[in-house]
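Good morning, colleagues. Please look at the model on the screen.

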Amino acid sequence: MAVQTTESAAARGAEQPPDTGSRHRLTAVTGLAALSLDAMASVAYGPEAIVLVLAAAGAHGLGLTLPVTLAIAGLLAVLVASYRQVISAFPDGGGSYAVAKAYLGRRAGLVAAASLVLDYVLNVAVAVTAGVAALTSAFPGLHEDRLWICLGVLALVTAVNLRGIADSARAFIVPTVVFVGAILALVGVGLLRDAPVSTEAAAGHAPVLADDATTVGALLLLKAFASGCSALTGVEAIANAVPSFRAPAVRRAQRAEVALGALLGVMLIGLSVLISRFGLQPVEGVTVLAQLADASFGHNALFYVVQFATTALLALSANTSFGGLPVLLKLLARDDHVPHVFGLKADRQVHRHGVLWLAVVSAALLVFSGGDTNTLVPLFAIGVFVGFTLAQTGMVRHWRAAGQWGKALLNGFGAVLTGVCALVVAGTKFHDGAWLILIALPLLVAVFEVVHRAYGRIGERLGVGRVPEPPHRDRSLVLVPVSSLTRLTSEALTAAVSLGDEVRAVTVCHADPEDRERTEALERDWALWNPGVPLVRLTSERRSLGRPITAYVRRIAADRPDTRVTVLVPEAEPERLWQRLLQNQRGAVVAHAVRRDTDAAVCRLRLRI
C-alpha cells in the first residue's frame with residue numbers, strides 16, 4: 001500500500017473546505033482542555049514516581065531527581081517533535097496505529113492499536129480513582145463510598161462527552177487553566193524562596209527513605225527514568241484525534257501538541273528543581289506535590305487551591321480517553337478490525353458508541369478494583385510505551401525514505417528509550433499485575449484479527465469490490481400471517497397486493513379444540529369478507545408460531561425456486577411507549593423465525609394507533 005507523503009497530507013489537512021459542524025470541533029486552546037488533561041495531570045504523580053524510586057538510595061539518590069527529570073524532558077521533546085510530524089503525515093488521526101500500519105505493517109499497527117485501547121481504558125479508571133483518592137484523603141469519611149463516587153464521576157464525564165468533544169472541552173477548560181496556573185505559580189513562588197515556608201503538611205508522617213540505602217547504579221536510574229516516564233502518558237492523544245479539530249485541523253493540532261509539550265516540560269522541570277532546592281523527602285500519606293505547595297505557599301488557602309485543582313484535574317483527565325479512543329475505534333472500524341457501529345457519528349461530531357463502550361468497560365474496571373488506585377496503577381503505562389516505541393520506529397522508516405537521516409536518528413533514539421521503558425516497567429511491575437497487560441495485549445490483537453477475517457468472509461460473499469449482475473424481475477409471492485380480522489389485517493393485505501404478484505394469508509392452527517374453533521371462525525369470517533386473497537391454514541401439533549410458517553416458506557421455496565417469497569408481518573404501533581408491554585409480541589416472534597430459518601425477505605408493517 002502506498003504511503004501518502006507528509007507534504008501532500010499536510011496540504012490536504014490545510015486546504016479542506018469549511019466544516020458546517022465546526023462549532024462542534026476543537027480549536028488549539030480547547031484541544032488542550034479536551035485532549036491534554038491526562039498529560040497535564042501526570043505532573044501530580046510523575047515527579048513523585050521518580051522520587052520514590054531514588055529514595056532507595058537515600059539522600060544521595062534524591063539528589064539525582066533533576067537529572068532524571070531533564071532526561072525525561074528530553075524524551076518529551078523528541079516525542080512532541082515526532083507526534084507533530086505524525087499529525088502532518090496522518091491528518092485522519094490514529095497516531096501510533098496509523099504510523100505503525102503504514103510503515104511497519106498491518107500486524108504492528110494492530111499491536112499499536114491494542115496498546116492504545118488498553119492505555120485509554122486504564123487511563124479512565126486510574127484517573128477517576130486517583131482523583132477520588134485525593135478527595136477521600138481530604139475527607140476521610142467518604143472513603144467507604146469511594147466506588148460510588150468513582151462511578152458518579154465517570155457518569156458525569158460520559159454525559160458531557162455525549163454532548164460532543166467541543167462541549168466537553170468548554171466544560172473542562174476552567175479546571176485546566178486553574179491547575180496549570182496553580183502549578184506555574186507554585187514553581188515561580190518556590191524559585192523565590194531560599195527555604196520552605198512551611199513543612200506542616202509532612203509533619204508527623206514517617207519518611208520512606210530506606211534505612212539501608214543502596215548505591216546509585218545504572219539499574220536504579222533506569223528504573224527511576226521508566227517510572228517518571230509515566231508523566232508522558234497522554235502526549236499521543238492529540239495525534240490520535242486530529243479530525244476533531246477545526247480546519248485547518250493539522251495546523252491547530254500541531255499547535256496544541258507543541259503547547260502541551262512546552263507546558264508539561266516547564267511544569268516537570270520546575271517541580272523537580274523545587275524538590276532539589278527544598279531537599280524534600282517522600283513521606284507516607286502526603287504527596288510530593290502537596291509538600292511542594294506547602295513549601296512554596298505555606299499551609300494556607302493557596303495550598304488548598306493546589307490540592308483541589310489537582311483532585312479535579314486528576315478525575316477529569318479521563319476526558320483524554322473519551323477524546324482519543326472513539327476516533328481510534330472509528331479508524332479500526334474503517335479497516336474492518338472492530339464492528340462498523342464504532343464508525344458511526346452523531347450530530348455533534350460524537351462517536352457515541354465508542355464513548356458508551358469506553359464508559360461501560362471503565363465502569364467494569366472500577367467495580368473490579370473497588371475504586372482502589374493501587375490495584376490499577378501496575379497495569380498502567382505499559383501500553384502507552386509500546387505505542388510510543390512503534391510510532392517512533394515507524395517515523396524512522398518515514399524519515400529514511402525521505403532522506404532525513406538526522407530526524408531518523410532522533411526518532412530512533414526515542415524508540416530505544418521508550419522501548420527500554422516498556423521493558424523495565426513490564427519487568428518491575430510484572431508481579432504487581434503487569435502480567436495481565438502482557439496477556440491482554442496479544443489477546444486484543446487476536447480479537448481484531450478475528451473480526452477482520454469475519455468481515456473478509458462477509459465481503460467475499462457479498463461480492464464487495466466487484467461489479468454485480470444487473471437486476472432482473474422475478475415472480476413474487478407475499479405471505480401475510482393473520483390471527484384475526486381487523487383493520488390491521490386490511491392494511492396488511494392492501495400493502496401486500498401492492499408489493500407482490502401473488503398474495504396469501506396464513507394462519508397457524510394448533511391441535512387443541514379452542515384453537516380449532518377460533519381458526520374455523522376466522523375462516524367463516526374470511527369467506528364472508530372475501531378480500532380476494534386466499535387464507536391458508538397451517539396446522540401444528542406443537543404450540544409454536546414461527547416454525548409452521550417457516551416450514552411453509554421452505555416448501556414454497558423448494559417447489560417454486562424462481563419465486564421471491566416475502567413475509568409481511570403486520571404489527572400495531574401503540575401511541576405510548578409503555579403500551580408496547582401490552583402486546584403479545586407475535587409479530588416479533590414470526591419475524592425472528594423467518595429471518596433465522598429461511599431466505600425469505602421480511603417486511604414489518606407498523607400501523608400507528
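Does Tyr103 count as buried or exposed at 12% relative accessibility? Tyr103 counts as buried, since buried means under 20% relative accessible area, exposed over 50% and partly exposed in between, with a 1.4 Å probe and protein chains only.

A word on the source: this is a predicted model, in which local features need pLDDT of at least 70, side-chain atom pairs count only at pLDDT 80 or more, and totals for chains, interfaces and linings use all residues. Residues are numbered from 1 along each chain as its sequence is written, and side-chain values use heavy atoms, with hydrogens and water left out.

The whole structure holds six aromatic pairs; rings of Phe, Tyr and Trp (its six-membered ring) pair if their centres lie within 6.5 Å, and planes under 30 degrees apart count as stacked, over 60 as edge-to-face and the rest as tilted. One of them joins Phe90 and Tyr103, with centres 6.2 Å apart and planes at 90°, so this pair is edge-to-face. Phe90, at 15% relative accessibility, is also buried.

Trp526 and Trp529 form an edge-to-face pair too, at 5.4 Å centre to centre and 90° between the planes. Trp526 is buried at 6%, whereas Trp529 is partly exposed at 34%. Ring pairs also link Tyr83, Phe385 and Phe388 into a cluster.

Helix α6 and helix α11 pack at about 50°, their axes (lines fitted to C-alpha atoms over the stretch in contact, with angles from 0 to 180 degrees between N-to-C directions) 10 Å apart.

Methods:
Helix = DSSP H or I, 4+ residues; strand = E, 2+ residues; numbered from the N terminus.
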